[in-house]
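The following note concerns the ligand site and its annotated residues. Please read the points alongside the model.

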Amino acid sequence: MTSILVLNGPNLNLLGTRQPEVYGRTTLKDVEDMCVARGKDMGLDVVCLQSNHEGVMIDAIHAAKGTHGGIVLNAGAYTHTSVALRDAIASVELPVVEVHLSNIHAREPFRHHSHIAPVALGQIAGFGAQGYDLALQVLAEHLGTPS
Ligand code: CA2
């Protein structure tokens, strides 16, 4: 079965506990459980990881090469700041779908730019936890996984 890494970045461990008006009431565990279940429906073996540390995320992206067929990435605030994450994605040449719970383009100007977008297959933003499901669908189709 094709394996997919769902990688969540800084502060996303707080999902569902604060700022529900921005990020909803779904917890990170809810999101991860949904990804595993929906992945199974699509013939994908989903592995989830969350880290608040840029270097840990970079190591996970490097390790994904040869282990996972693609990555669903919500890099959190590192989206807007991290050239290192962008370089890591470019170096592994794996399909990456960028996900954001909120519509980053409708928020503060500093959230409008993504360092990830130019090296991603595409970006899904503003659909809450459903965005992860959509990203898995995109990867399943891209990788030709029978569902
Ligand atoms: O909308 C998204 O998914 C973001 O990636 C979330 C990041 C933010 O910096 C990006 O601009 C957009 C922030 C994640 C923080 O998550 C929290 C969740 C609950 C309470 C506090 C923070």
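This is a predicted model: local features need pLDDT of at least 70, side-chain atom pairs count only at pLDDT 80 or more; totals for chains, interfaces and linings use all residues.

1. A pocket is defined on a 1 Å grid over the protein atoms alone, as an open set of points with protein on both sides within 12 Å along at least five of seven lines, and its lining residues have an atom within 4 Å of a point.

2. Residues are numbered from 1 along each chain as its sequence is written, and side-chain values use heavy atoms, with hydrogens and water left out.

3. Around the ligand there are 17 residues, of which N74, H80, L101, S102 and R111 come nearest; a residue is near if one of its heavy atoms lies within 4 Å. This shell comprises eight nonpolar, seven polar and two charged residues, with Gly counted as polar and Tyr as nonpolar.

4. An oxygen atom of the ligand lies 2.5 Å from a polar side-chain atom of S102, and for a polar side-chain atom of H80 the distance to a ligand oxygen is 2.7 Å. L101 instead places a backbone N or O atom 2.8 Å from an oxygen atom of the ligand. The protein buries 94% of the 510 Å² that the ligand exposes when taken alone (Shrake-Rupley method, 1.4 Å probe).

5. An unreviewed UniProt entry lists N74, H80, D87, L101, S102 and R111 under "binding site"; such annotations may be inferred rather than shown by experiment. These residues spread over 38 residues of sequence and up to 24.2 Å between C-alpha atoms. From this set, N74, H80, L101, S102 and R111 belong to the lining of the largest pocket.

6. The UniProt annotation "active site", also from an unreviewed entry, covers Y23 and H100.

Key. A polar contact is a pair of N or O atoms within 3.5 Å; within protein, one must be able to donate a hydrogen and the other to accept it, and residues adjacent in sequence count only if both atoms are side-chain atoms. On a 1 Å grid over the protein atoms alone, a cavity is a set of points where a 1.4 Å probe fits but cannot get out, and a pocket is an open set with protein on both sides within 12 Å along at least five of seven lines; lining residues have an atom within 4 Å of a point.
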